[in-house]
Each structure stands twice: as structure tokens, then as C-alpha cells.
Amino acid sequence: MKFLKGQVVVITGGSRGIGRGIALRLASLGADIVFSYNKNKDAALKLESEIKALKVKGKSYCVDVKDFSKVKEWVADIKKDFGKIDILINNAGIIIDKALMMMTEDDWSQVIDTNLNGTFNVSRACIVDFLKAKKGNIINISSISGVIGLPRQVNYSASKGGMNAFTKALAKEVAAYGIRVNAIAPGFIETEMLSAMTDEQKNKINEIVPLGRIGRVEDVAGCVEFLLSDSAKYITGQIIKVDGGLAI
Ligand code: NDP
């Protein structure tokens, strides 16, 4: 029997990239998948039908994770539609890369509001049910940028560093209730987020990554699978780098 059969997984930002890869992996393991997107309805509907083809339930919702009250309504709707939530993956995220001297207040706020406040908003909306059920699993997709810091990313590094600290604090707070909270900090992963990079820049990354290549969404999805499995039942509060060794 597939180990996630009957589990309801909520993924923010599932329409593309890493979130999409996680959705398909967990659906193939038997989970019912609920995911949000921001604008890309066509991509969301395509994923929804790919999930259903795996003989599990799949549903997309257009929800901006920045909006606390909309997120609260969304989680209430999920509970009506699916009956419960077992697993939350906070994945939605954006970059607006600029040197600090060029960064506007809006560049700063958009990134913090999406990546960090979005993580707070969805976790806050789910946590009471996890506490009542005395079980739950939260995985935050942060970034090595939040561990080592990267130039032209003070907004992004701060948001992801915040997610890492959030992960550790919440893990301690809720461990006694049987809830695990971990973060995955990917290095460079081939998605639309890297679309602004030239081939030359990508080749340079291949050279500096000890494992010799840019990561794939499957590399991150594999770590999510592990963290949700019984093999990880004694793991909480960790920031697991999936970066080919880049941050060593
Ligand atoms: P993509 O840009 O490919 O996809 C981003 C996803 O987030 C989309 O589904 C998008 O929806 C959704 N999204 C964006 N803003 C919002 C919002 N306000 N509300 C709801 N959903 C939103 O990114 P990746 O897949 O590359 O990144 C996923 C996560 O992984 C992010 O948190 C990112 O920071 C992190 N990460 C990525 C790395 C990489 O190299 N790719 C490296 C390290 C971390 P829509 O399709 O509607 O726009």
C-alpha cells in the first residue's frame, strides 16, 4: 500500500516548478493533493488533471498567500472539501534580486510578505487543527540563501533565514503534540525562477556545485518524501540542504 494513501497534503504555489514536482511525487505515493497558485490558472488546471490521472483527489485554488484573511477562508474551504489536512508544504515564493542600493521598499515588502508572511499565514491557519488532532507535518521550502546569504538577495535571504528560524521555533513549540516541522533549503534548482540566468551563469554554477550540476525538482521532492516517511519520524526542527554540496 502507498504510504501516503488517505493523507491530505496542502502545497502552496503548486502550479509550477518545485511545488508541482512535490505535488506529483506525493500524489504518486497515494496522497490527495490540494494546492494553491497565484496567477497561472492554465498550469494549475493541467496539474490538477495530472494528479487525478494518478487516481487520487486533486484540487487547485487561486489564493495569494500574502493575504491573511483569504488564506484563512481557503483553509476553511479545504476542510469542507476534503474533511481534514494532514500535511502542509509552504512552498510559494518569489525573488526580486537587486543590490540593496537599488532595492525599493516594495521590492523588500513583496518578497518578505510572500515568502515569510505567507508561511506564517498558512501555518497559522492550519496549526489549531494539527494541535487538536495531535499530529501534523509541516515542511517549509526555504533556500540556502537564507543559510549562507547571497549578494543581491538581502530581501530573499532575510525571508528565507526567517523561514528557517520560524521552522526551529515552531518545531520546539509543537513537538509535544506530535507535530514535526522541518525546512528544506535547496541550492540552485532548474525552474522558471532561474529563467533570468544566462547559459554562461548556469555553467558557472555547474562548476562550483560539488556534485557538478544544477538541481532538479525531483531532488527536492525526494527529500520531501523522506521527511514525510516513517524513516524521518525522529527528525524535527531541521534545515536540510538539498544543494549538491554548494553550501559546504
Ligand atoms: P517558481 O517561480 O517556478 O514557482 C513559484 C510558485 O509559487 C508558483 O506556483 C506561483 O504561482 C507561486 N506563487 C508565487 N507567489 C505566490 C503568492 N503570492 N501566492 C500564492 N502562490 C504564489 O518557483 P520555484 O518552484 O523555483 O520555487 C519554489 C520555492 O522554492 C520558492 O519558495 C523558492 O524560493 C524556493 N527555492 C527555489 C530555488 C530555485 O533555484 N528554483 C532555490 C531555493 C529555493 P503562479 O504559477 O500562479 O505564479
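**Note on the ligand site**

1. A polar side-chain atom of Thr191 lies 2.5 Å from an oxygen atom of the ligand. The model is a predicted one, and the distances and areas in this note are computed from it. Taken alone, the ligand exposes 900 Å², of which the protein buries 95%.

2. Backbone atoms also approach the ligand. A polar backbone atom of Asn91 is 2.7 Å from an oxygen atom of the ligand. For Asn38, a polar backbone atom is 2.8 Å from an oxygen atom of the ligand.

3. The shell around the ligand holds 32 residues, and the closest are Ser15, Lys39, Asn91, Tyr156 and Thr191. By residue class, the shell divides into 13 nonpolar, 13 polar and six charged residues.

4. The ligand takes up the space of the largest pocket. Two elements give two or more residues to the shell around the ligand: helix H1 (17–28) and helix H6 (154–174).

5. Is Asn155 buried or exposed? The relative accessible area of Asn155 is 0%, and the cut-off for a buried residue is under 20%; Asn155 is therefore classed as buried.

Methods
Residues are numbered from 1 along each chain as its sequence is written. This is a predicted model: local features need pLDDT of at least 70, side-chain atom pairs count only at pLDDT 80 or more; totals for chains, interfaces and linings use all residues. Side-chain values use heavy atoms; hydrogens and water are left out. A residue is near a molecule or strand if one of its heavy atoms lies within 4 Å of it. A polar contact is a pair of N or O atoms within 3.5 Å; within protein, one must be able to donate a hydrogen and the other to accept it, and residues adjacent in sequence count only if both atoms are side-chain atoms. Accessible areas come from the Shrake-Rupley method with a 1.4 Å probe; for residues, only the protein chains shown count as cover. On a 1 Å grid over the protein atoms alone, a cavity is a set of points where a 1.4 Å probe fits but cannot get out, and a pocket is an open set with protein on both sides within 12 Å along at least five of seven lines; lining residues have an atom within 4 Å of a point. A molecule sits in a cavity or pocket if more than half of its atoms lie within 2 Å of its grid points. Helices (H or I, at least four residues) and strands (E, at least two) are DSSP runs, numbered from the N terminus. Ala, Val, Leu, Ile, Met, Phe, Trp, Tyr, Cys and Pro count as nonpolar, Asp, Glu, Lys and Arg as charged, and the others, Gly among them, as polar. Buried means under 20% relative accessible area, exposed over 50%, partly exposed in between (1.4 Å probe, protein chains only).
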